[in-house]
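Here are my notes after a look through this one.

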Amino acid sequence: MKKHRLIAFTDNVLTIIMTILVLELDRPSSPTLAAFWALRQNYFAYFLSFFWLGSLFIALNEIWEKVEFISSRVIYVTLLLLFTLSFLPYTTGLVSTYFDSRVVQALYGTVVINSTICNWYLHYVIDKVNLNNQELLTRTKEYRKLLVPVLGIKLLGLILTIFVNPHWMMYSVLIATGI
């Protein structure tokens, strides 16, 4: 498979996931500000998931521009990343409905954390087939270093969600997205 086909496939799957996110939004019970305000948690969950995916899309595209070679391992890790991301609309919809649920927030967090781990590993396997591309290796190394504190923030959010307050998962993703 050529690199450009994998990029196109990844972009298309991410686009579909982002589109499904908006389709999961509840409609207000009436066309009033109060009805829209009642759905503020839905909009927050959508906003957070959309922009988290968007930041991932941007980061992936910055890296893919420098990639010269891919392997079957890169393809399968990309599929694994997209598989974990495909659960995001479902868990975002659950969070929108059950915003105060520790179980639902933890499930959302698990999807986000697993996706972050897959993303880290994807950059690692990309390096393995592009060992002569110093510019790429420098960039992916910097990116993987950035993902370590991001992952730590999300893991802390998951722990705080389970033991302190269910909303911490969403807050930790918001904080991590800003890094």
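Predicted model: local features only at pLDDT ≥ 70, side-chain atom pairs only at ≥ 80, totals over all residues.

1. Helix 5 and helix 6 cross in a left-handed sense. On the helix 5 side the contact uses Leu88, Thr91, Thr92, Leu94 and Val95, while helix 6 brings Val104, Gln105, Leu107, Tyr108, Val111 and Val112. Sorted by class, that contact of helix 5 with helix 6 comes out at eight nonpolar, three polar and no charged residues.

2. Now the geometry of that pair. Helix 5 covers residues 88-97, and its axis runs 9 Å from that of helix 6, at a packing angle of about 155°. Because of that angle, helix 5 is roughly antiparallel to helix 6; the cut-off for that label is anything over 145 degrees.

3. Helix 6 has another partner to look at. Helix 4 (residues 72-85) packs on helix 6 (residues 102-128) with an angle of about 165° and an axis separation of 9 Å. So helix 4, too, is roughly antiparallel to helix 6, and helix 4 passes helix 6 in a left-handed crossing.

4. Who does the touching there? From helix 4 you get Arg73, Val74, Val77, Thr78, Leu80, Leu81, Thr84 and Leu85, and from helix 6 Val111, Asn114, Ser115, Cys118, Asn119, Tyr121, Leu122, Val125 and Ile126. The class tally for helix 4 with helix 6 is eleven nonpolar, five polar and one charged residues. If you're colouring residues, note that Val111 of helix 6 is in the contact with helix 4 and also in the contact with helix 5.

5. On to charges. Side chains of opposite charge can pair when their charged atoms come close. How many salt bridges are there? The count is two.

6. One of them joins the side chains of arginine 139 and glutamate 62, with an N to O distance of 2.6 Å. Arginine 139 sits in helix 7 (residues 134-163) and glutamate 62 in helix 3 (residues 40-64), so this pair links parts that are 77 residues apart in sequence. Arginine 139 is partly exposed, at a relative accessible area of 24%, and glutamate 62 is partly exposed as well, at 33%.

7. The other pairs the side chains of aspartate 127 and arginine 144, with 2.6 Å from N to O. Here aspartate 127 belongs to helix 6 and arginine 144 to helix 7, so the parts tied together are 17 residues apart in sequence.

8. Asparagine 133 is in the loop between helix 6 and helix 7. Its relative accessibility is 9%, so asparagine 133 counts as buried. Leaving out residues up to four places away in sequence, asparagine 133 touches Lys66 and Glu68. For a distance check, asparagine 133 and methionine 170 are 37 residues apart in sequence and 37 Å apart in space, C-alpha to C-alpha.

9. Last one: asparagine 61, in helix 3. What does asparagine 61 touch, not counting residues up to four places away in sequence? The partners are Ile7 and Asp11. Asparagine 61 has 19% relative accessibility, and since buried means under 20%, it counts as buried.

Conventions:
Residues numbered from 1 in each chain as written. Heavy atoms only, no water. Axes fitted to C-alpha atoms, helices over the stretch in contact; angles between N-to-C directions. Helix = DSSP H or I, 4+ residues; strand = E, 2+ residues; numbered from the N terminus. Parallel < 35°, antiparallel > 145°, perpendicular 65-115°, else oblique. Left-handed = near helix turned anticlockwise from the far one by under 90°. Contact = heavy atoms within 4.5 Å. Nonpolar A, V, L, I, M, F, W, Y, C, P; charged D, E, K, R; others polar. Salt bridge = Lys/Arg side-chain N within 4 Å of Asp/Glu carboxyl O. Buried < 20%, exposed > 50% of the residue type's maximum accessible area, 1.4 Å probe, protein only.
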